[in-house]
Amino acid sequence: MNYKKIGIVIADPDEYHPFVKMIADAKQIKVFNMQGISFKMGESDVSALLCGIGKVNAATAATALVSAGCEAILNFGLSGGLGNSQKGGFCLPDTFLEHDFDFTDLGYKPCEKPWQEYIYKADKDLLALFSETLGVKPGGTAVTGDSFICDEQKSKELSDNFSASSCDMETAAIASVCHAAGVPFAILRRISDDAGDDAIDTYRDVNTNEGDVLGNAFLKCLKAVTNAEG
């Protein structure tokens, strides 16, 4: 595994800024209206963009990074937990779907995109490396949509209908771009809430007060990918 250029997509300022503080000698960059940093780590040139929340923002950032020559795309962030996922735990999903893509009235399956692949898979080698680095078992389905899930019934529906273990607003969009471009990707998420009725309060607590926990975990994975020391 030897990537000369790696791209990182980060949606939320409370996830982005703690990570930036961990990077020495970072240079400020700007792509479209997105701020970011570039830096050298191990054997790789790395670019990280703060894209903003949601599928369009995430897809825009991933496309920009792929177009700039990035050979792998990584993402980290917070997700709502579904099923038996535990608040505060890390997950390494390997399957991604857009739960709000709905053509069922025309006879298609939920999430199915006409004439296109719609179930996306993370890169097995990157996932294995993340798993070894953090001691977290890889696997599970992440479902993505442009809404913050904070409803017990909706949470149950996503878990039951898609056998999903987490929900978010970016990952499947990133996965879609990487699939189309033939670029490997891996995603690390931390469960901030149970996507239920109290999700807003618990998400805010984790996002505001524990951003360095997620950033540090991702930095360990990035160092493993780039063969950096430490």
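Q: What radius of gyration does the protein have, and what would a compact globule with 230 residues have?
A: In this predicted model, the protein has a radius of gyration of 17 Å, which agrees with the value near 17 Å for a compact globule with 230 residues.

Q: What does the C-alpha trace span along the principal axes?
A: The C-alpha trace spans about 50 × 40 × 35 Å. The accessible surface of the protein comes to about 10,700 Å², and 48% of that belongs to carbon and sulfur atoms.

Q: How many helices and strands are there?
A: The protein has seven helices and 11 strands.

Q: And what share of the residues is buried?
A: Buried residues account for 52% of the 230. As for contacts between residues at least 6 apart in sequence, 76% of them join residues at least 24 apart.

Q: Turning to α4, which of its residues are buried?
A: Helix α4 covers residues 152-162, and its buried residues are Ser155, Leu158, Ser159 and Phe162.

Q: Why do they line one face of the helix?
A: Viewed down the axis of α4, the buried residues fall within an arc of 105 degrees, so they line one face. In general, an α-helix has 3.6 residues a turn, so residues three or four places apart point the same way.

Q: What do the buried residues of α4 pack against?
A: They pack against four strands: β5 (72-81), β7 (95-98), β9 (141-144) and β10 (164-168).

Q: Which residue follows α4?
A: Ser163 follows α4, and its phi is positive, near 50 degrees.

Q: Next, β1. Why is it described as largely enclosed?
A: Strand β1 spans residues 5-10, and five of its six residues are buried, so the rest of the structure largely encloses the strand.

Q: In what sense does β1 pair with β4, parallel or antiparallel?
A: The pairing of β1 with β4 (residues 44-50) is parallel, over six bridges. Within it, Lys5 stands opposite Asp45 in β4.

Q: How many bridges join β1 to β5?
A: Four bridges join β1 and β5, which also run parallel. Ile8 has Leu74 of β5 as its bridge partner.

Q: Last topic: how many disulfides does a search of the whole structure find?
A: The search finds zero disulfides. Cys91 is in no disulfide, and the nearest cysteine sulfur, that of Cys167, lies 10 Å away. Cys111 is likewise in no disulfide, with the sulfur of Cys167 nearest at 13 Å.

Q: Are those two, Cys91 and Cys111, buried or exposed?
A: Cys91 counts as buried because its relative accessibility is 14%. Cys111 counts as buried at 2% relative accessibility.

Terms used:
Residues are numbered from 1 along each chain as its sequence is written. This is a predicted model: local features need pLDDT of at least 70, side-chain atom pairs count only at pLDDT 80 or more; totals for chains, interfaces and linings use all residues. Side-chain values use heavy atoms; hydrogens and water are left out. Buried means under 20% relative accessible area, exposed over 50%, partly exposed in between (1.4 Å probe, protein chains only). Helices (H or I, at least four residues) and strands (E, at least two) are DSSP runs, numbered from the N terminus. The arc is that of the directions from the helix axis to the C-beta atoms. Contact means heavy atoms within 4.5 Å. A disulfide is a pair of cysteine sulfur atoms within 2.5 Å. Two strands pair if DSSP finds at least two bridges between them. The radius of gyration is taken over C-alpha atoms; the globule rule is 2.2 Å times the number of residues to the power 0.38. Accessible areas come from the Shrake-Rupley method with a 1.4 Å probe; for residues, only the protein chains shown count as cover.
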